[in-house]
Amino acid sequence: MKAVHYEKPFQVSVRQVAVPTIQHPDDAIIKVTTAVYQGRTAAEAGLIFGHENMGIISEVGGGVTLLKKGDRVVLPFNVADGRCLNCEEGNTAFCTGVNPGFAGGAYGYVAMGPYAGGQAQYLRIPFADFNALPLPPGTAHEASFALLADIFPTGWHGLTLSNFSPGESVAVFGAGPVGLMAAYSAFLRGASKIYVVDKVPERLAAAKKIAGCIPIDFSAGEDAVDVIIRENDGKMVDRSIDAVGYQAVGSGKEAGEVPNVVLEQCIKVTRPTGGIGVPGLYVPSDPGAVDEKSSQGMMLMSFGKLFEKGLTIGTGQCNVKKYNRYLRDMIISGRADPSFVVSHEIGIDEAPKAYEKFDKRVEGYTKVLIHPNGSL
């Protein structure tokens with residue numbers, strides 16, 4: 001079968017690899033209909049990319065009882081066994097049974113276990129009954145359902161981490177796919193005002209598609225925090241979301257990578273006793289960091305101001321299974337349609353060139369879906 005194969009930083013290829021097989025009675029195999037592109041961070045040579053996947057079940061192991069051949073499913077990017085304490089408590093992003101020495105596993109992602117990704121024609125699903133979310137048959141809502149694997153639940157999760165309540169104001173830093181989904185979740189959940197901060201024109205244009213959303217270009221010269229407070233009638237917001245993470249960049253004199261800049265802005269822009277949600281990725285080590293402390297996953301932050309203001313802060317990867325069933329039903333009922341973030345849909349042979357455009361945001365490549373087995 002064909003698969004998107006990691007070669008080295010910023011280089012992938014499409015190679016022929018073996019079709020996956022059932023390795024355990026709890027496994028299932030899917031024919032992948034849609035996978036979602038991801039950034040090309042450093043990874044092991046030979047890794048098959050793709051942590052956001054959906055498809056049609058082609059084979060099930062003898063221990064699988066809830067699924068059958070022909071079922072249409074979407075998979076949380078979290079690989080979880082459903083048996084450890086964290087899984088029993090609903091924290092499937094931190095499963096301790098699937099990736100020895102680490103809390104959490106994922107498809108096609110560096111350091112997240114031995115699980116091939118789904119930017120391939122077929123994919124093995126471990127613990128299939130637990131991990132696969134059934135979908136209505138057919139091809140309806142394919143793009144929206146694909147986003148249930150990660151970014152729609154993760155955006156929803158970021159808002160939940162901030163302890164958001166309907167009627168509150170929200171500032172989202174980062175208008176990438178997760179930031180847009182956090183802003184869209186704020187709209188769906190009844191935010192009074194939504195501000196989205198970024199500098200990429202295509203991302204800011206996508207934010208405008210969310211009803212009531214106010215995009216703010218932080219490269220325009222004025223501090224984003226000052227702009228938000230002015231637009232919010234001179235008040236700080238109730239909740240803020242860091243949807244950027246450790247690769248944040250500054251502007252003006254702080255142009256370039258500034259790992260702590262978004263956390264600092266969240267602390268400044270959030271009202272006393274408000275909340276900060278951090279779905280943006282932070283890592284325990286970063287060999288390419290701008291300084292030694294950052295390379296060890298450490299950074300300065302205004303903890304004194306955080307304490308003085310009585311702010312709460314919630315962090316961590318999304319427990320997709322906590323949300324995906326309910327978000328699926330919102331899509332089916334017509335209450336939600338997150339597919340507005342999708343910019344392109346391509347076949348697997350177009351992957352290498354499309355990845356180059358995706359990395360450079362050429363031609364508006366922001367969220368790309370790949371159909372490994374051809375058009376639906």
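How many cavities of 30 Å³ or more does a search of the whole structure find? The search finds two.

## Basis of the description

The model is predicted, with local features requiring pLDDT of at least 70 and side-chain atom pairs pLDDT 80 or more, while totals for chains, interfaces and linings use all residues. Numbering starts from 1 along each chain as its sequence is written, and side-chain values use heavy atoms, with hydrogens and water left out.

## Cavities and pockets

Both kinds of space are located on a 1 Å grid over the protein atoms alone: a cavity is a set of points where a 1.4 Å probe fits but cannot get out, whereas a pocket is an open set with protein on both sides within 12 Å along at least five of seven lines. Lining residues have an atom within 4 Å of a point. Grid points are joined across faces, edges and corners, and a volume is the space filled by probe spheres set on the points.

The largest cavity holds about 60 Å³. Its lining comprises Tyr-246, Glu-257, Pro-259, Tyr-282, Val-283, Asp-286, Ala-289, Ser-294, Gly-297 and Met-299. By class, six of these are nonpolar, two polar and two charged; Ala, Val, Leu, Ile, Met, Phe, Trp, Tyr, Cys and Pro count as nonpolar, Asp, Glu, Lys and Arg as charged, and the others, Gly among them, as polar. The second largest pocket has a volume of about 210 Å³. It is lined by 15 residues, with Pro-20, Gln-23, Tyr-115, Ala-116 and Arg-124 nearest its centre. That lining divides into twelve nonpolar, two polar and one charged residues.

## The parallel sheet and its helices

Helices (H or I, at least four residues) and strands (E, at least two) are DSSP runs numbered from the N terminus, and two strands pair if DSSP finds at least two bridges between them. An open sheet of six strands has the order β12-β11-β10-β13-β16-β17, with parallel pairing. Its edges are β12 (213-217) and β17 (312-315), each of which pairs on one side only. From one strand to the next the twist averages 20 degrees; axes are lines fitted to C-alpha atoms, for helices over the stretch in contact, and angles run from 0 to 180 degrees between N-to-C directions.

Five bridges join β11 (residues 193-198) to β12 in the parallel sense, and Ile-194 stands opposite Cys-213 in β12. Helix α4 (residues 151-161) lies across β10 (169-173), β13 (237-242), β16 (270-278) and β17, at about 150 degrees to β16. Helix α8 (residues 261-269) also packs on the sheet, touching β10, β13, β16 and β17 (contact means heavy atoms within 4.5 Å), and its direction makes about 150 degrees with that of β16.

## Hairpin and positive phi values

Strands β1 (residues 2-8) and β2 (residues 11-16) pair in the antiparallel sense over six bridges, with His-5 opposite Ser-13 in β2. They form a hairpin with two residues between them, and Phe-10 in the turn has a positive phi of about 65 degrees.

Most residues other than glycine have a negative phi. Ala-111 has a positive phi near 65 degrees and is found in the loop between β7 (105-106) and β8 (122-125). His-141 has a positive phi of about 60 degrees, and its place is in the loop between β9 (133-135) and α3 (142-146).
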